[in-house]
Amino acid sequence: MKLPPACCRLQTLGAALGVCVTIGFTLQLLGGPFQRRAPAAPAGRPPPPCQPRTHLVFLKTHKTGGSSVVNLLHRFGETRGLRFALPHRYQFGYPGTFRAERVKGYRPGGPPFDIICHHMRFNLTEVQKVMPNDSFYFSIVRDPATLGESAFAYYRSVAPAFRRAPSLAAFLASPGRFYEAGARGNHYARNLQWFDFGLPPVAAAGDREEEVAAALAGLERVFALVLLAEHFDESLVLLREALCWPEEAMAAFAHNGRPAGDGPRVSPAQAARLRAWNGLDWALYAHLNRSFWRRAEAFGAARLRREVARLRQRRHALAQRCLRGGGPLPARAIADGRLRPFQPPGRAQILGYALRAGLPPAEREHCARLATPELQYKDILDRRQFGGGNASVPPGG
């Protein structure tokens, strides 16, 4: 969704949004990595060819389409023998802030890592201990009007605020009835993206908008690109250019999706309530939405449309060639446990993929990697790097 200009102004954030922006976070952002630009070519000379970027920090935010991005990072890194910074389990001690020791095999002065892309609550100082100085930082965001409905369905069993509400409509009618700030799991129920980015609470009074604007400006000093879930294919095209990757590397199937019509349709009034309740997320989304479309404009509208069309054609051809039924299936229809996606407790149904019968071995392997869910793929990478399984698992890994 591209916001019209009137929707892009920072919204009033409400009276109960926490405490003021901390000095420590500001210093952390000001000390963050700058994304270096290649020097301009002399006049009359073509620019030098770019080199594919292989040092990557992807902040995988919750319920934003990040699992599909992780799949293409897994495939790109695996085929090129890159080293992943992996959690001991499946997240880096989330919802605690990221710490370097949460990375399996990390030790100060040890072998460097190339890619980090699993769930964390972002902590720049600790990420910098793990990743090279020239790493490319990027993430993905989603309109809180739709993210809120998805989070309600997916995290119903772990967020007390959602669990106590009989329905999303009841929750939105009076969220204060169900929500208790600081209760374990309730970070899923309010300003989840702000939380995942590791941004601090904002004062309920005083210069709220100035504090939010400063935090978001600092965020953009660290993250060279933030994708939009609502414009996923356009995002992949801009990411491809930023990373100097070949077009075929960007073809990916949608992962961790739900069946069409699985959740309640959010009315315009409910969308407005979700944005108001998640005021910090709405400010973050509006700010990054503007940045995204400025970048798209610089890329060129016609060129963007052409590349998006090619990406969709390639994905469609792969789906027809690889997948039984040519698309996603309910988990119960997927016999191969290596391809069956995790199903969260509660009502949300997560779709996955089954492969067509009779594929030649090499093609079957390629198709299987496109279809492999995040958790199973993480285990494949873990075995490749460390051998065996996840035998040694520290608490909260």
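The model is a predicted one, so please read every value below as computed from it. There are 21 aromatic pairs, and a search of the whole structure turns up 2 cavities of 30 Å³ or more.

**Aromatic pairs and cluster**

- The count of aromatic pairs comes to 21, and one of them joins F92 and F98 in an edge-to-face arrangement, with 5.2 Å from centre to centre and 80 degrees between the planes.
- Both partners of that pair are shielded: F92 is buried because its relative accessibility is 0%, under the 20% limit, and F98 is buried at 0% as well.
- F197 and F223 also pair, with ring centres 5.3 Å apart; their planes stand at 80 degrees, over the 60 that the edge-to-face class requires, so the pair is edge-to-face.
- F197 sits in the loop between α8 (192-196) and α9 (208-222), while F223 sits in the loop between α9 and β4 (225-228), so this pair ties together parts that are 26 residues apart in sequence.
- F197 is buried, with a relative accessible area of 1%, and F223 is buried too, with 5%.
- One aromatic cluster is made up of F152, F162, F171, F178, Y179 and W277.

**Arginines over rings**

- Y179, a member of that cluster, has R190 over its face, at 5.9 Å from the ring centre.
- R303 lies over the face of F299, at 3.8 Å from the ring centre.

**Backbone exceptions**

- As background, most peptide bonds are trans, and most residues other than glycine have a negative phi.
- The peptide bond from Y94 to P95 is cis, with omega near 10 degrees.
- P95 belongs to the loop between α2 (66-79) and β2 (115-116).
- C244 is not a glycine, yet its phi is positive, near 60 degrees.
- The loop between α10 (232-243) and α11 (268-277) holds C244, which is buried at 16% relative accessibility.
- N256, again not a glycine, has a positive phi of about 65 degrees.
- N256 is found in the loop between α10 and α11, and it counts as partly exposed because its relative accessibility is 29%, which lies between the 20% and 50% limits.

**The largest cavity**

- The largest cavity holds about 80 Å³ of space.
- Its lining has 15 residues, and those nearest the centre are G148, F162, Y188, A189 and N278.
- The elements giving two or more residues to this lining are α4 (144-154), α6 (168-173) and α11.
- The largest share comes from α4, with 5 residues.
- By class, the lining of the largest cavity has 12 nonpolar, 2 polar and 1 charged residues.

- About 60 Å³ of space lies in the second largest cavity.
- Its lining consists of L236, V237, R240, E247, M250, E307, L311 and R314.
- At least two residues of this lining come from each of α10 and α13 (301-322).
- The lining of the second largest cavity has 4 nonpolar, no polar and 4 charged residues.

Key
Residues are numbered from 1 along each chain as its sequence is written. This is a predicted model: local features need pLDDT of at least 70, side-chain atom pairs count only at pLDDT 80 or more; totals for chains, interfaces and linings use all residues. Side-chain values use heavy atoms; hydrogens and water are left out. Rings of Phe, Tyr and Trp (its six-membered ring) pair if their centres lie within 6.5 Å; planes under 30 degrees apart count as stacked, over 60 as edge-to-face and the rest as tilted. Buried means under 20% relative accessible area, exposed over 50%, partly exposed in between (1.4 Å probe, protein chains only). Helices (H or I, at least four residues) and strands (E, at least two) are DSSP runs, numbered from the N terminus. A charge sits over a ring if NZ of Lys or CZ of Arg is within 6 Å of the ring centre and within 35 degrees of the ring normal. On a 1 Å grid over the protein atoms alone, a cavity is a set of points where a 1.4 Å probe fits but cannot get out, and a pocket is an open set with protein on both sides within 12 Å along at least five of seven lines; lining residues have an atom within 4 Å of a point. Grid points are joined across faces, edges and corners, and a volume is the space filled by probe spheres set on the points. Ala, Val, Leu, Ile, Met, Phe, Trp, Tyr, Cys and Pro count as nonpolar, Asp, Glu, Lys and Arg as charged, and the others, Gly among them, as polar.
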